[in-house]
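Hello,

Here is the structure I promised to pass on to you. Please open it next to this email, and then read on for what turned up.

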Amino acid sequence: VEFIESNRVHLIQRMGMITVKQIADDLLACNVMSYEEVNTIACEKVEQEASRMMIYMILNKGSEACNILVKSLEKHNPFLFHDLQGYCGLIDGIKKLVNAEGLVLDNISMDEGDAKKLAEGIRNLRELRLLYMNHLTAIGDGIIYIVRSISDELSELEEIQLVNCCVSSDAVEILAQNLCHLPKLNVLDLSENYLQKKGKDAIHRLVDGLYVLPGMKVLMLPWGDDVKVCLTKLLELLETMPQLTKFGLRKWSLTDVEVRILGNFFEKEHLENLQHLDLAMNCVTSDGWLSFMQPLISLKKLVFVDFSSKQDWVPASLLVCKLSQVLTTLNYLKEIKVTGWKFDCHDLGLINGA
């Protein structure tokens, strides 16, 4: 029963009609299902619905019926069986990794129920220093439970990366309230998460909470409606973080006005150690970027810059010329991303020459 319950979503999505019919035949042969029940499942045209129907029928018939289904799955689809067995073991076994110092979960098929189990398991990882969770797009509100566990129990954490993991404004507010419990934290990457309408309030609270962590080296922020109004307050915080090497305001809907404010801040050399700057997918015109080029030269240690645009657009010739000058000035720069910028042959010649 536990195996089916733990993997219900994966079974429904991945069994397929052939496996469902093979298992149904076994269940019929063992007198677990009637001919009418098997026929109903076999006549279902949508394979996920057929899987769902069979699973719920068997769960209602008790543990012995469930055991027969699992054995039949192992016989007819051993790859799926062992994959789910390992996956279930991963989630359930995390709580045993009490001496683990790092945990990386990248692009794993995980739903909200799995995330809640994970949250319980990581409470035991008191030695954890690094938590990377990337592209877990189906965990929903499960992220709230994970963030609460992080905040309550993992005081040794130095790096938190929750990229594209359904991070909500509620999750950010919980984290913000408890940053004082994470005194060693110096990397916080919440990028590629949309906080929706309450994003502005969540970012305000996060900025307030981050004042207890002046040693931050990485700060990549999520986006949400009207978050750009937090920029001035955020820059006041960054004045207290001279060690920052990586900073991102992706999808913040920054306009020329905000980029000029940001440029004025960089010219004061508060972040002279900055190496990675992500301002992609904002709403900046040629005039805005042109005003930003001179301040950009102040960031002498820059290695990576992303100025990519939401939509294709043609930058002004003067901007291209200034950009090429920046490329020759920043000696450590290895990569500049400008996806969406449409250059003509003359522009490309200037940039290649730089």
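Setting aside neighbours within four places in sequence, F307 is in contact (heavy atoms within 4.5 Å) with L277, L279, A280, W289, F292, M293, L296, I336, K337, V338 and W341. F307 also stands out in the largest nonpolar core, which has 89 residues: there, L277 and F307 touch the most other members. A nonpolar core here is a set of buried Ala, Val, Leu, Ile, Met, Phe, Trp, Tyr and Cys residues joined through side-chain atoms within 4.5 Å. Buried means under 20% relative accessible area, exposed means over 50%, and partly exposed is in between (1.4 Å probe, protein chains only). The core draws at least three residues from each of domain 2 (90-240) and domain 3 (254-353), with bounds from an automatic or database domain assignment. Apart from this core lies another, of 29 residues, among them I12, I41, A50 and L69.

A word on the source: this is a predicted model, in which local features need pLDDT of at least 70 and side-chain atom pairs count only at pLDDT 80 or more, while totals for chains, interfaces and linings use all residues. Residues are numbered from 1 along each chain as its sequence is written, and side-chain values use heavy atoms, leaving out hydrogens and water.

Now the rings. The whole structure holds ten aromatic pairs; rings of Phe, Tyr and Trp (its six-membered ring) pair if their centres lie within 6.5 Å, and planes under 30 degrees apart count as stacked, over 60 as edge-to-face and the rest as tilted. Y194 and W223 are stacked, at 4.3 Å centre to centre with 25° between the planes. Y194 sits in the loop between β4 (187-189) and α11 (199-209) and W223 in the loop between β5 and α12 (231-238), so this pair ties together parts 29 residues apart in sequence. Y194 is partly exposed, at 35% relative accessible area, and W223 is partly exposed too, at 23%.

The F266 and F292 rings have centres 5.9 Å apart and planes at 65°, so they are edge-to-face. Both F266 and F292 are buried. Ring pairs also link F265, F266, W289, F292, F307, W313, W341 and F343 into a cluster.

Finally, nine strands form an open sheet with parallel pairing, in the order β1-β2-β3-β4-β5-β6-β7-β8-β9. Strands (E, at least two residues) and helices (H or I, at least four) are DSSP runs, numbered from the N terminus, and two strands pair if DSSP finds at least two bridges between them. The edge strands, β1 (102-106) and β9 (335-337), each pair on one side only.

Enjoy exploring!
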